[in-house]
Amino acid sequence: LALSPPLEMEIAILLFEAFDELDAIGPYEVFGNAAAFGADLTVSLCTLRRTESVTADHGLRVEPDATLDELAPDLVVVPGGGWNRGGGTGVRAAAERGEIPAAVASIAESGATVASVCTGGMLLARAGLLDGRPATTHRGALSDLRETDAVVIDARVVDDDDVLTAGGVTSGLDLACHVVDREFGADVAERVCTEMEYDRSADVYVSE
């Protein structure tokens, strides 16, 4: 089912310390290109708290556009990063602190669609959004996802209407292309893929 977006679909990509670069920037570029090709959307990089910059897993420093509560997104994308490594930053640390899972659960309750890339799915699981629902994550974290109440699906992208999940790293491109296709049509998605010289995967599971 489509999201039935308003006149302009607002997409927010939620950043945190040690997020994986491509998990966030890949979808950001897909959505930016889609807007250039006529999709009625805006895309922003946001954080939970105001900060001048966020440092990603491989050292890229990013200046966020806003805090999540300053936006009214129709779709929130949660990247992964660092789950399998552990430590004091990244997804595992964010899951233990609980702030991002709580924020994601709250915004989902308000009616927004939530999507994850890579081990960002573990934050959705911690938020309770994957309970009893089909989902996927990075292959290195599938065993951890199976220990939650999610129904693990072997697919690159899993679309369960208002909750979407994607596998590891580059699958964020496929997730974003799928969202563009489902919300703005195959023609726009194809133009984006042509512009980016990207052959998107057809390995997409869509719930009935």
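Arg133 and Asp162 form a salt bridge, with their closest N and O atoms 2.6 Å apart; a salt bridge here is a side-chain nitrogen of Lys or Arg within 4 Å of a carboxyl oxygen of Asp or Glu. This is a predicted model, in which local features need pLDDT of at least 70, side-chain atom pairs count only at pLDDT 80 or more, and totals for chains, interfaces and linings use all residues. Residues are numbered from 1 along each chain as its sequence is written, and side-chain values use heavy atoms, leaving out hydrogens and water.

**Arg133 and Asp162**

- The structure holds 10 salt bridges.
- The pair Arg133 and Asp162 links distant parts of the chain, 29 residues apart.
- Arg133 lies in the loop between helix H4 (120-126) and strand S8 (134-135), and Asp162 lies in the loop between strand S10 (157-160) and strand S11 (163-166).
- Helices (H or I, at least four residues) and strands (E, at least two) are DSSP runs, numbered from the N terminus.
- Asp162 counts as partly exposed because its relative accessibility is 33%; buried means under 20% relative accessible area, exposed over 50%, and partly exposed in between (1.4 Å probe, protein chains only).
- A network of salt bridges links Arg133, Asp160 and Asp162.

**Arg182 and its partners**

- Asp159 and Arg182 meet through their side chains in a salt bridge of 2.7 Å, N to O.
- This pair also links distant parts of the chain: Asp159 is in strand S10 and Arg182 is in helix H6 (residues 171-184), 23 residues apart.
- Asp159 is buried, at 4% relative accessible area, and Arg182 is buried at 18%.
- Arg182 also forms a salt bridge with Glu183 (2.7 Å, N to O), and Glu183 is buried, as is Arg182.
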